[in-house]
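Open the model in your viewer and keep the selection tool at hand. Each stop below says what to select and what is there.

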Amino acid sequence: MAVVPLQLSYSASPARAVCANVAARVPLKTVGRISTNAICSKEWFLFRDLRLRLQITSKAAASEASPLQVEHLVKKAREHRLQHLEEQALWVLREIVNSYQTPAFPCALIAGDVVILDLLSKLDYLKNGRVKVIFIDTFHLFPESYTFLDLMERRYGFKSHVFHAADVKDKKEYVSKFGSDLFITDIDKYDRICKVEPFSRSLDTLKVDAMINGRRRDHGAERAHLEVVEDGARAKVQPLAYWEFRDVWDYLEKNGVPYHPLHDQGYPSVGDVQSTLPVPKDQWFEYGGERSGRFQGLKNKDGSDKTECGIHVGGPQ
């Protein structure tokens, strides 16, 4: 039986050609010196089946490799991101210390603040006292916070400057003077007496001209558009402004830095006992998730939700 040639159209070099109606590469046949664009139907279907099998095999191989490759790429991207963020934060801190006479860091011992302590230690600004560490004792902190402060002081070789409500020497005197429920009866007065005034006094007492702090954009609310430095009579410095909460934890894990023990009990942020609640772990890394356990159910005098204690909003400049 005679072989019936299958006529196809091509556009390519004499050695190889592209089959226009199926978009597959097919070699031309050469008889003597003449190249022809006809191949027998049997050859064509064998070629087509081989091509389909190769396509299927290639797709399967790509599918099998894809999850592993994606996981690797994400991991490397996060490593590069963290490296950049750390270099940027160190650069900001160096520039501030080189530009100002009396920088200080009010530390609340939350995860981001511990990152800043570690960065300051890497620059040797803690042991030599180049950056002073301020700690505000509201008399309403978790017992674990005092223990953790002692651990950090011993780890990094510094002694914090502790400030609290004026004209009282301890919580007993505070309760005798203001009562045990001031934060319930007048939260604005409580914030002013236990947080804002001691904070302002600490900056004035130490003559601070650059106040380093751990505020970040992903805290949300009033912090959503922070830059690394805010100018004013006293500069406000946010070396972690562009970090996310997940970056903070990546840094702590990478550098083996201890963190506040209450984080392991479900607290993404830690403040006063009466205004801090645990939050499900799957909510920690949402936008504003770190502070979602702070000030829950509390209102400002204008009826708006309370998101700040007053230190950074309307507080010392």
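**Whole chain**

Start with everything shown. This is a predicted model. The protein chain has 317 residues, and 44% of them count as buried. Colour by secondary structure: there are 7 helices and 12 strands. The accessible area is about 17,400 Å², with 55% belonging to carbon and sulfur atoms.

**The largest core**

Select Leu117 and Trp243. The largest nonpolar core has 46 residues, and these two touch the most other members. In soluble globular proteins, nonpolar side chains tend to be buried together.

Zoom in on Trp243. Leave out residues up to four places away in sequence, then show what Trp243 touches. Arg81, Leu82, Leu85, Glu86 and Ala89 are among these residues. Val115, Arg216, Asp218, Val248 and Tyr251 complete the list.

A second, separate core has 9 residues. Pick out Ala104, Leu203, Leu206 and Val208, which are included in this second core.

**Helix 2 against helix 7**

Hide all but helix 2 and helix 7. Their axes come within 9 Å and cross at roughly 50°. The two helices are therefore oblique to each other. The crossing is left-handed. Now show the side chains where they meet. Helix 2 brings Ala111, Gly112, Val114, Val115, Asp118, Leu119 and Lys122. Helix 7 brings Phe245, Val248, Trp249, Tyr251, Leu252 and Asn255. Val115 and Val248, both in this helix pair, are also touched by Trp243.

Go to Ile134 in strand 8. Is Ile134 buried or exposed? Its relative accessible area is 0%, so Ile134 is buried. Show its contacts, leaving aside neighbours within four places in sequence. They are Ala104, Phe105, Pro106, Cys107, His161, Phe163, Ser202, Leu203, Leu206 and Val208. Ala104, Leu203, Leu206 and Val208 were picked out above in the second core. Draw a distance from Ile134 to Phe199. The C-alpha atoms are 8.6 Å apart, while the two residues lie 65 residues apart along the chain.

**Asp191**

Move to Asp191 in helix 6 (residues 187-205). Asp191 counts as buried, at 3% relative accessibility. Draw another distance, this time to Thr138. The C-alpha atoms of Asp191 and Thr138 are separated by 9.0 Å, and the residues are 53 residues apart along the chain.

**Two loop residues with positive phi**

Select Asp124, in the loop between helix 2 and strand 8. Asp124 is not a glycine, yet its phi is positive, about 65°. Asp124 is partly exposed, at 42% relative accessible area.

Finish at Asp167, in the loop between strand 9 (161-163) and helix 4 (171-178). Asp167 has a positive phi of about 65° and is not a glycine. Where does Asp167 stand, buried or exposed? With a relative accessible area of 67%, Asp167 is exposed.

Methods:
Residues are numbered from 1 along each chain as its sequence is written. This is a predicted model: local features need pLDDT of at least 70, side-chain atom pairs count only at pLDDT 80 or more; totals for chains, interfaces and linings use all residues. Side-chain values use heavy atoms; hydrogens and water are left out. A nonpolar core is a set of buried Ala, Val, Leu, Ile, Met, Phe, Trp, Tyr and Cys residues joined through side-chain atoms within 4.5 Å. Buried means under 20% relative accessible area, exposed over 50%, partly exposed in between (1.4 Å probe, protein chains only). Contact means heavy atoms within 4.5 Å. Helices (H or I, at least four residues) and strands (E, at least two) are DSSP runs, numbered from the N terminus. Accessible areas come from the Shrake-Rupley method with a 1.4 Å probe; for residues, only the protein chains shown count as cover. Axes are lines fitted to C-alpha atoms, for helices over the stretch in contact, and angles run from 0 to 180 degrees between N-to-C directions. Angles under 35 degrees count as roughly parallel, over 145 as roughly antiparallel, 65 to 115 as roughly perpendicular and the rest as oblique. A crossing is left-handed if the near helix is turned anticlockwise from the far one by less than a right angle, and right-handed if clockwise.
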